[in-house]
Amino acid sequence: TCGSNITTSQQQLILESGAKELILAYDRENPIKDGSEENFLKIKAYEEKLLKQVQPLANVMNISIVFDYEGVLEPKMSPIDKGQETLEYLLKRKIKIDCIEQQLKGKRK
């Protein structure tokens, strides 16, 4: 997508492709989960940003996002930059959009 934004044109291309599943695996921009209130707020804002972008697609296909909450990647590294093994590790931990939405609605405090 050339960054962590999905344009309307890109959304249309995804819809026209007939894809049943979309997995977003952007460069690491989110902070690691360390229990601090500051990082929690940054993570929540990043998740909300991504959710807002994919909302038009969420009723049509399954959507998951790869987050590196553990700090496996350096900031700005893509999940494939450290090789296939790291990519597969992170893919196993991908989070479905509906799970993120539930967390943001108050289940995560």
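Predicted model: local features only at pLDDT ≥ 70, side-chain atom pairs only at ≥ 80, totals over all residues.
Residues are numbered from 1 along each chain as its sequence is written. Local features need pLDDT of at least 70 and side-chain atom pairs count only at pLDDT 80 or more, while totals for chains, interfaces and linings use all residues; side-chain values use heavy atoms, without hydrogens and water.

Start with the whole chain, coloured by secondary structure. From the N terminus, the elements run α-β-α-β-α-β-α, which comes to 4 helices and 3 strands (DSSP runs: helices H or I, at least four residues; strands E, at least two; numbered from the N terminus).

Select the strands next. They form an open, mixed sheet in the order β1-β2-β3 (strands pair if DSSP finds at least two bridges between them). At the edges are β1 (21–24) and β3 (95–96), each pairing on one side only. Strand β2 (residues 62–65) runs parallel to β1 and is joined to it by 4 bridges. Glu21 stands opposite Asn62 in β2.

Now show Leu22, Leu24, Ile63, Ile65 and Phe67, which touch the most other members of the 19-residue largest nonpolar core. Such a core is a set of buried Ala, Val, Leu, Ile, Met, Phe, Trp, Tyr and Cys residues joined through side-chain atoms within 4.5 Å, buried being under 20% relative accessible area with a 1.4 Å probe, protein chains only. Helix α2 gives the most to this core, with 6 residues.

Finish on Leu22: residues that Leu22 touches include Ile14, Leu57 and Met61.

Note on methods: Buried < 20%, exposed > 50% of the residue type's maximum accessible area, 1.4 Å probe, protein only. Contact = heavy atoms within 4.5 Å. Lists of a residue's contacts leave out its neighbours within four places in sequence.
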